[in-house]
Amino acid sequence: MRFILALAAAATATTDVFLASDRMAASAAVLNSVCDNSQPTALRLHLLAPTKEAAQTLATATETACDGAVVLPYGLAEFEAQVRTRVGEEPMWTTALSKVERSKSTYAVPVVPWDRDEKHTSPYNHARFYAPASTLVMLDDDVIVQGDVTTLTTRNKAVAAGCQQWYVG
């Protein structure tokens, strides 16, 4: 098995991909689409799941497509501890501010009715802002990649793929 679960070997990959989710089946589809369209040996996959074991299980489930990729699995508790150490701050979803009712507080950004969904306040939605690499491709668990992510460079503008966007060709 050439699929690598390693922290030390991470320096050999060229493109960092960050996926944070508690939906493992959806995440497997995303990872398979990334690896099917890119050279896996050029990828360093940061996988955040509820537990490190779940992230490792996700890595194992996608090892055929992602053979040769460097995989860095994180559990949520471990990731939060790393954020505290690396950034020196509490992850926002662990603070009292994250518990403020956003629609009624004068101290929170007001929201429109469609943005009251709990997925928007999920740690997996906000973890991307604490990702351990400075340049990376950040993916949601509802995105299927149809191109080679290793061709993205720092010269490119930011590209967003969200649930409210559609491409009509």
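Predicted model: local features only at pLDDT ≥ 70, side-chain atom pairs only at ≥ 80, totals over all residues.

Reader: Let's start with charges. How many salt bridges does the structure hold?

Author: The general idea first: side chains of opposite charge can pair when their charged atoms come close. Here the structure holds 5 salt bridges. One of them joins aspartate 141 to arginine 23, with 2.8 Å between the closest N and O atoms.

Reader: Where do aspartate 141 and arginine 23 sit in the chain?

Author: They come from distant parts of the chain, 118 residues apart. Aspartate 141 is in the segment after β5 (136–139), while arginine 23 is in the loop between β2 (15–20) and α1 (24–37).

Reader: And is aspartate 141 buried or exposed?

Author: Aspartate 141 is buried, at 16% relative accessible area.

Reader: Which residue does glutamate 78 meet in a salt bridge?

Author: That would be lysine 52, at 3.9 Å from N to O. The cut-off for a salt bridge is within 4 Å, so this pair qualifies. Glutamate 78 belongs to helix α3 (residues 76–87) and lysine 52 to helix α2 (residues 52–61), so the bridge links parts of the chain 26 residues apart. Both ends are partly exposed: glutamate 78 has 26% relative accessibility and lysine 52 has 30%.

Reader: What about arginine 128 and aspartate 140, how far is it from N to O?

Author: 2.6 Å, in another salt bridge. Arginine 128 lies in the loop between α4 (123–126) and β5, and aspartate 140 in the segment after β5, so the bridge ties together parts 12 residues apart in sequence. Aspartate 140 is partly exposed, with a relative accessible area of 22%.

Reader: On to the rings. How many aromatic pairs are there?

Author: The count is 3 aromatic pairs. As a general point, a pair of aromatic rings is described by the distance of the centres and the angle of the planes. Take phenylalanine 18 and phenylalanine 79: the centres are 5.9 Å apart and the planes are at 40°, so this pair is tilted. Phenylalanine 18 is in strand β2 and phenylalanine 79 in helix α3, 61 residues apart. Phenylalanine 18 is buried at 1% relative accessibility, and phenylalanine 79 is buried at 0%.

Reader: Why is the pair of tyrosine 74 and phenylalanine 79 called edge-to-face?

Author: Because their planes are at 70°, with the centres 5.7 Å apart. Tyrosine 74 is buried too, at 4% relative accessible area. Put together, Phe18, Tyr74 and Phe79 form one aromatic cluster.

Reader: Now the nonpolar side. How many residues has the largest nonpolar core?

Author: It has 24 residues, and those with the most contacts inside it are Val17, Val34, Leu43, Leu45, Leu47 and Leu139. To read a core, look at which elements supply it. The ones giving two or more residues are β2, α1, β3 (43–49), α2 and β5. α1 gives the most, with 5 residues.

Reader: Which residues does leucine 45 touch?

Author: Leaving aside residues up to four places away in sequence, leucine 45 touches Val17, Leu31, Cys35, Cys66, Ala69, Val70, Val71 and Leu72.

Reader: Where do cysteine 35 and cysteine 66 lie in the chain?

Author: Cysteine 35 is in helix α1 and cysteine 66 is in the loop between α2 and β4 (70–75). The link therefore joins distant parts of the chain, 31 residues apart. Cysteine 35 is buried at 4% relative accessible area, and cysteine 66 is buried at 0%.

How values were computed
Residues numbered from 1 in each chain as written. Heavy atoms only, no water. Salt bridge = Lys/Arg side-chain N within 4 Å of Asp/Glu carboxyl O. Helix = DSSP H or I, 4+ residues; strand = E, 2+ residues; numbered from the N terminus. Buried < 20%, exposed > 50% of the residue type's maximum accessible area, 1.4 Å probe, protein only. Phe/Tyr/Trp six-rings, centres within 6.5 Å; stacked < 30°, edge-to-face > 60°. Core = buried A, V, L, I, M, F, W, Y, C linked by side-chain atoms within 4.5 Å. Contact = heavy atoms within 4.5 Å.
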